[in-house]
Amino acid sequence: MIFRMPIAQAHCDIPCKIYDPMLAQVAALSVARLVDLLLEIDPGSTSMQSQNQLARLVQEKEVQARNVKSEVNIIWGDYFKAPQIEQHPGIHELVHSIMMCGSKCKQGVDQSEATRLVELVNNFADVFWQTKGVDTKRVVAPYPPALPIVQPILVDA
């Protein structure tokens, strides 16, 4: 061992109070965009370029779907405690739905499932911000696939 340090322990994955579902939302939007791109590939093409593109898009879709699940799981597991769960008793079912939909997005190339994943993560974001007493709004993402996303309404300091 190079350094003789005691074992560090923490109860959270990230510093307390630094949680934001936006990473999960961007990952869900990425899944939806990647599905769009996958559906644009000519299924009959056997060119090396098409095969390479297919492999890259599938791999990145897997990564982004995993990111959705990971980010939601961290917030759900570390942030949501008894007061938040009492305020939103359906949070466990919502998180489970996100996990299942994220898996479906990994398993296939279904645009309706990708869009559903974005919507489920938006619902999660809305609940998250409600627990903090922050109002939200829906806006259309300014990039493909141009789906609605939930954003907190921030006030000037």
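**View 1. Helix α2, end to end.** Helices here are DSSP runs of H or I with at least four residues, and strands are runs of E with at least two, both numbered from the N terminus. Why do the end C-alpha atoms of α2 lie 46 Å apart? At 1.5 Å a residue, its 32 residues should span 46 Å, so the two values agree; the expected span is 1.5 Å times one less than the number of residues. The model is predicted: local features need pLDDT of at least 70, side-chain atom pairs count only at pLDDT 80 or more, and totals for chains, interfaces and linings use all residues. Residues are numbered from 1 along each chain as its sequence is written, and side-chain values use heavy atoms, leaving out hydrogens and water.

**View 2. The buried residues of α2.** Look for Leu57, Ala65, Val68, Val72, Ile74 and Ile75, which are among the buried residues of α2 (buried: under 20% relative accessible area with a 1.4 Å probe, protein chains only). Lys61, Glu62 and Asp78 are also included. Their cover includes α1, α3 (82-87), α4 and α5.

**View 3. Helix α1 and its neighbours.** Helix α1 covers residues 22-40, and its end C-alpha atoms are 27 Å apart, in agreement with the span of 27 Å for 19 residues. Its buried residues include Ala24, Ala28, Val31, Val35 and Leu38. They pack against α2 (48-79), α4 (91-107), α5 (111-131) and β2 (148-152).

**View 4. The whole protein.** Stepping back, you can follow five helices and two strands in the order α-α-α-α-α-β-β. Of the 157 residues, 37% are buried.

Note on methods
Buried < 20%, exposed > 50% of the residue type's maximum accessible area, 1.4 Å probe, protein only. Contact = heavy atoms within 4.5 Å.
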